[in-house]
Amino acid sequence: PVAEGVMDWTEMWNSMATQGWTWMTGNGLVDRYYVHPNFANRKKAEIMKKGKEGEDYFVNEESVMRYAKKYLGFRGAVATPASNINNDQRRGRKRTAAVVATVEPIIKT
């Protein structure tokens, strides 16, 4: 394992980087790709074609943190991106149907 004792994520990532982990700029909705040492010296197109997400490369910090926790001995908290927190909060709200009252005119005859 890469982790030695209790460390924060920055220390953990620095330790992983000394073991060959790297990151590269993402595309579209992905800010960064975090790349396993086995794929670190490859071009992005090759990583996307031949690599497996969640094993050879990771599309967000949370997923690479979970990998580090499971396989590399990282014991820190796994951060959840703020965008996911907001989405979860939105999903948690119950939507109420708007009640529309219709008023019919009174016609005097």
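Student: Tyr57, buried or exposed?
Tutor: This is a predicted model, and in it Tyr57 is buried, because its relative accessible area is 9% and the cut-off for buried is under 20%.

Student: Which ring does Tyr57 pair with?
Tutor: The ring of Tyr33. The centres are 6.0 Å apart and the planes are at 75 degrees, so the pair is edge-to-face. Tyr33 is in strand β2 and Tyr57 in strand β3 (residues 57–58), so to speak a link between distant parts of the chain, 24 residues apart.

Student: And Tyr33, buried or exposed?
Tutor: Buried, at 7% relative accessibility.

Student: How many aromatic pairs are there in the whole structure?
Tutor: A search finds 9. Another of them is Trp13 with Tyr34, also edge-to-face, at 5.4 Å centre to centre and 85 degrees between the planes. That pair joins helix α1, which holds Trp13, to strand β2 (residues 32–35), which holds Tyr34; the two residues are 21 apart.

Student: Are those two buried or exposed?
Tutor: Trp13 counts as buried at 13% relative accessibility. Tyr34 is buried too, with a relative accessible area of 7%.

Student: Which residues make up the aromatic cluster?
Tutor: Trp9, Trp13, Trp21, Tyr34, Phe58, Tyr67, Tyr71 and Phe74 form one cluster.

Student: OK, the core. How many residues are in the largest nonpolar one?
Tutor: It has 15 residues, and those with the most contacts inside it are Trp9, Met12, Met16, Trp21 and Val64. Helices α1 (9–18) and α3 (61–71) each supply at least two residues of this core. There is also a second, separate core of 7 residues, which includes Val30, Val35, Ile47 and Tyr57.

Student: What does Val64 touch?
Tutor: Setting aside neighbours within four places in sequence, Val64 is in contact with Trp9, Trp13, Met16, Trp21, Tyr34 and Phe58.

Student: Which residues of α3 are buried?
Tutor: Glu62, Val64, Met65, Tyr67 and Ala68.

Student: What caps the N-terminal end of α3?
Tutor: Asn60 does, with a side-chain oxygen 3.3 Å from the backbone nitrogen of Glu62. After α3 comes Gly73, whose phi is positive, near 85 degrees.

Student: Switching to charges. How many salt bridges?
Tutor: The count comes to 4. One of them is between Glu46 and Arg42, with the closest N and O atoms 3.5 Å apart. Another is between Lys50 and Glu46, where the closest N and O atoms are 3.8 Å apart. Lys52 and Glu55 form one as well, at 3.6 Å between the closest N and O atoms.

Student: Which residues are joined into a network?
Tutor: Arg42, Glu46 and Lys50, through salt bridges that share partners.

Student: Where are Lys50 and Glu46 relative to each other?
Tutor: They are separated by about one helical turn, because they are 4 residues apart in helix α2 (residues 44–50).

Student: How exposed are the residues of that network?
Tutor: Glu46 is partly exposed, with a relative accessible area of 29%. Arg42 is partly exposed at 30%. Lys50 counts as exposed, since its relative accessibility is 56% and the cut-off for exposed is over 50%.

Student: What about Glu55, over by Lys52?
Tutor: Glu55 is partly exposed, with a relative accessible area of 41%.

Student: Back to Arg42. Which ring does its charged end sit over?
Tutor: The ring of Phe39, at 4.1 Å from the centre.

Student: Last one, the histidine. Where is His36?
Tutor: His36 is in the loop between β2 and α2. Its relative accessibility is 13%, so His36 counts as buried.

Student: What does His36 touch?
Tutor: Not counting residues up to four places away in sequence, His36 touches Trp21, Glu55, Asp56 and Tyr67. Of those, Trp21 and Tyr67 are also members of the aromatic cluster, and Glu55 is the salt-bridge partner of Lys52.

Notes:
Residues numbered from 1 in each chain as written. Predicted model: local features only at pLDDT ≥ 70, side-chain atom pairs only at ≥ 80, totals over all residues. Heavy atoms only, no water. Core = buried A, V, L, I, M, F, W, Y, C linked by side-chain atoms within 4.5 Å. Buried < 20%, exposed > 50% of the residue type's maximum accessible area, 1.4 Å probe, protein only. Contact = heavy atoms within 4.5 Å. Phe/Tyr/Trp six-rings, centres within 6.5 Å; stacked < 30°, edge-to-face > 60°. Lys NZ or Arg CZ within 6 Å of the ring centre and 35° of its normal. Salt bridge = Lys/Arg side-chain N within 4 Å of Asp/Glu carboxyl O. Polar contact = N/O pair within 3.5 Å; in protein donor to acceptor, adjacent residues only side chain to side chain.
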